[in-house]
Amino acid sequence: QVQLVESGGGSVQPGGSLRLSCAASGSFSSIYTMGWYRQAPGNQRELVAAIMSGGSTVYTDSVKGRFTISRDYGKNTIYLQMHSLKPDDTAVYYCNARIAARPGYSGMDYWGEGTLVTVSS
């Protein structure tokens with residue numbers, strides 16, 4: 001059974017920084033794309049950043065230049081370093097990963113339980 005476990009959320013003042021972590025555990029063959037989504041109250045869940053198996057990255061426009069996604073392949077872990085945080089970044093952040101149970105499988109999406117990030121003065 002595959003699990004994604006997030007950590008690193010919390011409260012910070014505007015302009016502050018936080019780092020989120022997400023570790024995948026369980027029995028699987030390959031991890032393809034991993035990423036972070038967020039959902040603010042009353043809003044739909046949106047992609048924040050993603051990193052492909054080859055290392056290429058994508059970011060939503062509102063976080064470019066402030067957030068950095070990285071991946072430790074040996075630990076099956078991704079990180080989201082967030083700087084210059086704004087009140088609009090307040091949301092529950094969810095880790096997502098496309099994971100294949102066996103070689104050659106296309107994989108399926110898994111989600112973490114979410115970690116709350118609050119940016120407020």
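Select Arg 38 to begin: this residue is buried, with a relative accessible area of 5%, where buried means under 20% relative accessible area, exposed over 50%, and partly exposed in between (1.4 Å probe, protein chains only). The model is predicted, so that local features need pLDDT of at least 70 and side-chain atom pairs count only at pLDDT 80 or more, while totals for chains, interfaces and linings use all residues. Residues are numbered from 1 along each chain as its sequence is written, and side-chain values use heavy atoms, with hydrogens and water left out.

Arg 38 lies in strand 4 (residues 30–39) and Asp 89 in the loop between strand 8 (77–82) and strand 9 (91–100), so the pair, 51 residues apart, links distant parts of the chain; strands (E, at least two residues) are DSSP runs, numbered from the N terminus. Both Arg 38 and Asp 89 are buried.

Now display Glu 46. A salt bridge joins its side chain to that of Arg 38 (2.7 Å, N to O). Glu 46 is partly exposed, with a relative accessible area of 32%. Include Arg 66 in the selection to see a network of salt bridges linking Arg 38, Glu 46, Arg 66 and Asp 89.

Finally, move to Asp 109 and Arg 98, whose side chains form a salt bridge (3.4 Å, N to O). Asp 109 belongs to strand 10 (residues 108–111) and Arg 98 to strand 9, eleven residues apart. Asp 109 is partly exposed at 38% relative accessible area, and Arg 98 is partly exposed at 31%. A search of the whole structure finds five salt bridges.

Terms used. Salt bridge = Lys/Arg side-chain N within 4 Å of Asp/Glu carboxyl O. Helix = DSSP H or I, 4+ residues; strand = E, 2+ residues; numbered from the N terminus.
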